[in-house]
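Welcome! Let us walk through this structure together, one region at a time. Please have the sequence and the model open as you read.

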Amino acid sequence: NYVPVGKPNPVVGAGEFVFAAIGLDHGHIYGMTAGLIGAGAAVKWVYDPDPEKVQAFRKAYPQAKAARSESEVLNDPEVKLVAGACVTSERADLGVRVMGAGKDYFTDKAPLTTLDQLAMAKKAAAETGRKYAVCYSERVQVESAVYAGYLIERGAIGRVVQVLGLGPHRLSAPMRPDWFFVKEKYGGILCDIGSHQIEQFLFFA
């Protein structure tokens, strides 16, 4: 449940951008929420079928109201974006429902687990005109990775010809939920850690 602490850098005015959190299965939802709040957004709702997860989230973000259902969030016209970190295999379905409700979707990585889900998400995004965005925290919420991007952008190290990934990181098996070890649910190592590294290759190189 590590939450990177950054300096607030609002890009919207107070109350101008309202969002909600749905799906609290991975601790990355805390870093995603912190990042949105740091950019000036306001979290209004939180929903998860597990009341203990909702209670823990509200301890960190007491301004978030506990929704009685997912539909209570999706039917709120004030909500512009839904952030979610549910079980990986369920992220695409949630995203389609969110976009169908006229809201943008901000999901934890990996954003999906199958090519069929990718096709479904791309179709929904095209039909609704909404965004299906992914939080690749190992690049956008790690100071050294952000600084590497800064150096590359300024040409400080010349043209990037190789990017080396030394993952995966520590397993921390006792702290992980059961679904994290079921391939159909988390998508396998290429979806989980591999998606981070491939995104880094594309960005840095």
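Helices here are DSSP runs of H or I with at least four residues, strands are runs of E with at least two, and both are numbered from the N terminus.

Before going further, a word on what you are looking at: this is a predicted model, in which local features need pLDDT of at least 70 and side-chain atom pairs count only at pLDDT 80 or more, while totals for chains, interfaces and linings use all residues. Residues are numbered from 1 along each chain as its sequence is written, and side-chain values use heavy atoms, with hydrogens and water left out.

Let us stay with helix 4, which covers residues 91-100. Its buried residues are Arg91, Ala92, Leu94, Gly95, Val98 and Met99. Because these buried residues fall within an arc of 160° when you look down the axis of helix 4, they line one face of the helix; the arc is that of the directions from the helix axis to the C-beta atoms. Buried means under 20% relative accessible area, exposed means over 50%, and partly exposed is in between (1.4 Å probe, protein chains only). What do the buried residues of helix 4 pack against? Their partners are strand 1, helix 3 (70-74), strand 4 (79-84), strand 5, helix 5 and strand 6 (132-135), where contact means heavy atoms within 4.5 Å.

Arg91 also takes us to strand 5. It forms a salt bridge with Asp108, and the closest N and O atoms are 3.5 Å apart. Since Asp108 lies in strand 5 and Arg91 in helix 4, the pair ties together parts that are 17 residues apart in sequence. Both Asp108 and Arg91 are buried. A salt bridge is a side-chain nitrogen of Lys or Arg within 4 Å of a carboxyl oxygen of Asp or Glu. His26 touches both of these residues, and also Ala85 and Arg176, if residues up to four places away in sequence are not counted. You will find His26 in the loop between strand 1 (18-22) and helix 1 (28-38), and at 18% relative accessibility it counts as buried.

Now move on to Lys109, in the loop between strand 5 (104-108) and helix 5 (115-128). What kind of peptide bond joins Lys109 and Ala110? The bond is cis, with omega about -20°, and Ala110 is in the loop between strand 5 and helix 5. Lys109 counts as buried, at 4% relative accessibility. Not counting residues up to four places away in sequence, Lys109 touches His28, Arg91, Val134, Cys135, Tyr136, Asp192, Ser195 and His196. With Asp192 there is a polar contact between the two side chains, at 2.9 Å. A polar contact is a pair of N or O atoms within 3.5 Å; within protein, one must be able to donate a hydrogen and the other to accept it, and residues adjacent in sequence count only if both atoms are side-chain atoms. Ser137 is 28 residues from Lys109 along the chain, and their C-alpha atoms are separated by 8.0 Å.

One of the contacts of Lys109 is His196, which is found in helix 9. His196 is buried, with a relative accessible area of 1%. Leaving aside neighbours within four places in sequence, it is in contact with Lys109, Tyr136, Ser137 and Glu138.

Helix 9 (residues 189-204) also holds Leu202. Is Leu202 buried or exposed? At 69% relative accessibility, Leu202 counts as exposed. Together with Ile198 and Phe201, Leu202 makes a nonpolar surface patch of about 310 Å². Patches are made of residues with over 30% relative accessible area and no salt bridge: like charges are joined within 9 Å, and nonpolar side chains (Val, Leu, Ile, Met, Phe, Trp, Tyr) within 5 Å. Accessible areas come from the Shrake-Rupley method with a 1.4 Å probe, and for residues only the protein chains shown count as cover.

To finish, how many salt bridges does the structure hold? There are 12. Among them is the one between Lys123 and Glu127, whose closest N and O atoms are 2.8 Å apart. Being four residues apart in helix 5, Lys123 and Glu127 are separated by about one helical turn.
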